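Colleague: I would like to learn how to read helices and their contacts in a model, one feature at a time. Could you take me through it slowly?

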Amino acid sequence: MVGKVVVTSVNPAPEDEVVDLVSTLIRFDTSNTGELETTKGEAECARWIQQQLEDVGYTCEYVEAGAPGRGNLFARLPGASSDRGALLIHGHLDVVPAEAADWSVHPFSGAVNDGYVWGRGAVDMKDMVGMMVAIARYFKRAGIVPPRDLVWAFVSDEENGGKWGSQWLVDNRPDLFEGVTEAVGEVGGFSLTVPRKEGGERRLYLLETAEKGIAWMRLTAKARAGHGSMVHEDNAVTAVAEAVAKLGRHKFPLVLTEAVTQFLTAVAEETGYDFDADSPDLEGTVAKLGSIGKIVGATLRDTANPTMLKAGYKANVIPATAEAVIDCRVLPGRLEAFEREVDEIIGPDVEREWVQLLPAYETTFDGDLVDAMNAAVLEFDPEARTVPYMLSGGTDAKAFARLGIRCFGFAPLKLPPELDFASLFHGVDERVPVDALTFGTKVLQHFLLNH
């Protein structure tokens, strides 16, 4: 039965299971520290999902990606047609660490209070993973045949660039993605409420069609070591500190990419705001968008934020080397120009090298898949509007795109206008509204039945 939903007493609707699933997923502490020795929980979480899927009849493949405990899980639901290729629905199981003392609730409690599911990963991205599990189970139990093959992928290590997750899988197990032509994943499909120029408000649903490149850079200065009491005109610490200060204060040129231009145009049509690229206060106008303005503002130009410093071993010893790490995020097509600009800023006495270099990604806001996402949102929020946008961070889409897969961010959520959604990513008291989860599950199900 293609696209037909069968409701039985033993097959609860996905939206009826999703809150419990997300709460349970949060209770798996899958904190990713960036170090193999201290990262934990991914395998246990992946095995639990495997059990949920196998209980309803899926055949799953569990893969440890190059290191013990880095669990990844794949399952495929055959579709009615193979002409269009398969659709990949992907979610990562790892989360960034959390300090329990800073939170209102324990970050791995999965508490359901005050209309929210609380905990680390609630929006990044165990909300989407819960939706995936709920819908996958429902489709299998109901005997639903989707329009084309659906590949469910639950992967590890996204929070550290996917070395032991998506990147490893693409390099070592491309067979898992056989026939996949398109994909949907995190950080897209959520709502942004804006004031309308005619009065009232409009919900825009932001579909991610692009994301900046992740470029973590190490700066190193070298000099002659010596006694701290003497005069040292050549000091590695000073050289690195000066380079870091210059780079951290530098404002890279304004570049409006296609995705950002389309987003700003759509918002201007609704609000009447003037997003003129020549305006001296374009960023001030973007800030009027509220919390999402932090993300949008970061997609107007490249950024380079110093995050780590390392030098010396004793108070009275001038060290021979000093290092800094810079978190750079680079717009599509800008890497070569960005590198030239950085070299001019740091000067010839400081060396640079890439610690992590994952390219930017961009696709167009058109085609059957975009039409299906738009139709799914409008089915449950008829007065809404879908618009493209660029993510200032990065996702596993960077790896999957290397296989020629066209990627989008579509984890739909209908959010309260007052919720500071952007601050919840990696933030204290991360949480997702219960109503948003049930809404998103309905939208995602509609999309997968009709894409």
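This is a predicted model: local features need pLDDT of at least 70, side-chain atom pairs count only at pLDDT 80 or more; totals for chains, interfaces and linings use all residues.

Modeller: Residues are numbered from 1 along each chain as its sequence is written, and side-chain values use heavy atoms, with hydrogens and water left out.

Colleague: What span should the 14 residues of helix H1 have?

Modeller: The expected span of a helix is 1.5 Å times one less than its number of residues, and helices (H or I, at least four residues) and strands (E, at least two) are DSSP runs, numbered from the N terminus. For H1, residues 14–27, this should give 20 Å, and the end C-alpha atoms are 20 Å apart, which agrees.

Colleague: Which residues of H1 are buried?

Modeller: Buried means under 20% relative accessible area, exposed over 50% and partly exposed in between, with a 1.4 Å probe and protein chains only. The buried residues of H1 include Val18, Leu21, Val22 and Leu25. An α-helix has 3.6 residues a turn, so residues three or four places apart point the same way. Where contact means heavy atoms within 4.5 Å, the buried residues of H1 pack against elements including helix H2 (42–54) and helix H13 (434–450).

Colleague: Is Pro382 buried or exposed?

Modeller: Pro382, in the loop between helix H10 (368–380) and strand S17 (385–391), is exposed, with a relative accessible area of 59%. Pro382 and Arg203 are 179 residues apart in sequence, yet 10.0 Å apart in space, C-alpha to C-alpha.
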